[in-house]
Amino acid sequence: MVLENAMTPLKTQVLDSVDAVRLWRRAATVAGERVGFVPTMGALHEGHLSLMRAARKECDRVIASIFVNPLQFAPHEDFGKYPRTFDRDLQLMSQEGVDAVFYPNEKEMYPEGRESVTRVVPPSELADCLEGHFRPGFFVGVATVVAKLFNIVLPEAAFFGEKDYQQLQVVKRLVHDLNLPIQVTPVATVREKDGLALSSRNVYLSEEERKFAPLLHRTLNWVKEAAQSGELSLEAALEKGRSDLRALEGVDLQYLEARHGETFQPIAQFELPTVILLAAKLKNVRLIDNVVAR
Ligand code: AMP
């Protein structure tokens, strides 16, 4: 990504209050325009930009949000040091033709304090396994902030990355269960040339960790191919993938599992679509990734 000269006028309007977003939304409604929404935590990379491009293609007006949501971080997690690069993000969004960005502070999102906010609790079978198991409360934080953002922006369409596959399922279910009139569009994971999924957290990787981080994706692909070709049963392929990753020094594998690609139910045998997902810590950097067989 090439940044435009800092003197180039910005095309993206910065909205820092709920009221300002409401006015912006009203103008789109009056103009009969379809609004596409891309929620993010900032520190934008090509993965985020591909969501914005998809929104730009499908919608008349595009709004993103940048909010590092404290409600989805546990006390020991990286909320305080999560990368915040707003000026650069704004330039990138401007280059992508994003019309507006909602950039609230915590008080705007949680005026009564986040501890006492009404929470959205996604169903246990979706939200308490995998990421939810290792990050208790994470999906309550995500579902709550996404429901709030949806109600503030009132978009016709919202764009989410497959990189966070379980989150995508949780958001789809939220929209379904709460009858929100929003089309949720998944966008494929954007990767580095060596396969590492782009993530705002990749900046935490040391040079050494960055070198073997692509092994995560390589293992996922290997498991997928072994199970899809019938070379091994799904469980045997997963078990081999787990033991290969556990044998690596510096990799702390948290899970490597398969789920049905649509229902997210556990599956005993390979079937289409299947998603294979993992989380691993490389020293202190926690990475997640997945591949989908369709
Ligand atoms: P985040 O800023 O990490 O909360 O991510 C905001 C959105 O960007 C979510 O819908 C993510 O799934 C999506 N996203 C993050 N990384 C990628 C990637 N490498 N490829 C595609 N989408 C991504």
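Analyst: A crossing counts as left-handed if the near helix is turned anticlockwise from the far one by less than a right angle, and as right-handed if clockwise. The crossing of α7 and α8 is right-handed. This is a predicted model, in which local features need pLDDT of at least 70, side-chain atom pairs count only at pLDDT 80 or more, and totals for chains, interfaces and linings use all residues. Residues are numbered from 1 along each chain as its sequence is written, and side-chain values use heavy atoms, with hydrogens and water left out.

User: Why is α7 called oblique to α8?

Analyst: The axes of α7 (residues 138-153) and α8 (residues 165-177) come within 10 Å and cross at roughly 50 degrees. Angles under 35 degrees are roughly parallel, over 145 roughly antiparallel, 65 to 115 roughly perpendicular and the rest oblique; α7 is therefore oblique to α8.

User: Which residues of α7 and α8 meet?

Analyst: With contact meaning heavy atoms within 4.5 Å, F138, F139, V142, A143, V146, A147 and F150 in α7 meet Q166, Q167, V170, V171, L174 and V175 in α8. By class, this contact has 11 nonpolar, 2 polar and no charged residues.

User: What makes α1 oblique to α7?

Analyst: Helix α1 (residues 18-30) packs against α7 at about 50 degrees, with the axes 8 Å apart. That angle makes α1 oblique to α7. V18, V21, R22 and R25 in α1 meet N151, I152 and V153 in α7.

User: What joins β7 to β8?

Analyst: Strands pair if DSSP finds at least two bridges between them; 9 bridges join β7 to β8 (residues 274-282), and these strands run antiparallel. A258 stands opposite I276 in β8.

Terms used. Axes are lines fitted to C-alpha atoms, for helices over the stretch in contact, and angles run from 0 to 180 degrees between N-to-C directions. Helices (H or I, at least four residues) and strands (E, at least two) are DSSP runs, numbered from the N terminus. Ala, Val, Leu, Ile, Met, Phe, Trp, Tyr, Cys and Pro count as nonpolar, Asp, Glu, Lys and Arg as charged, and the others, Gly among them, as polar.
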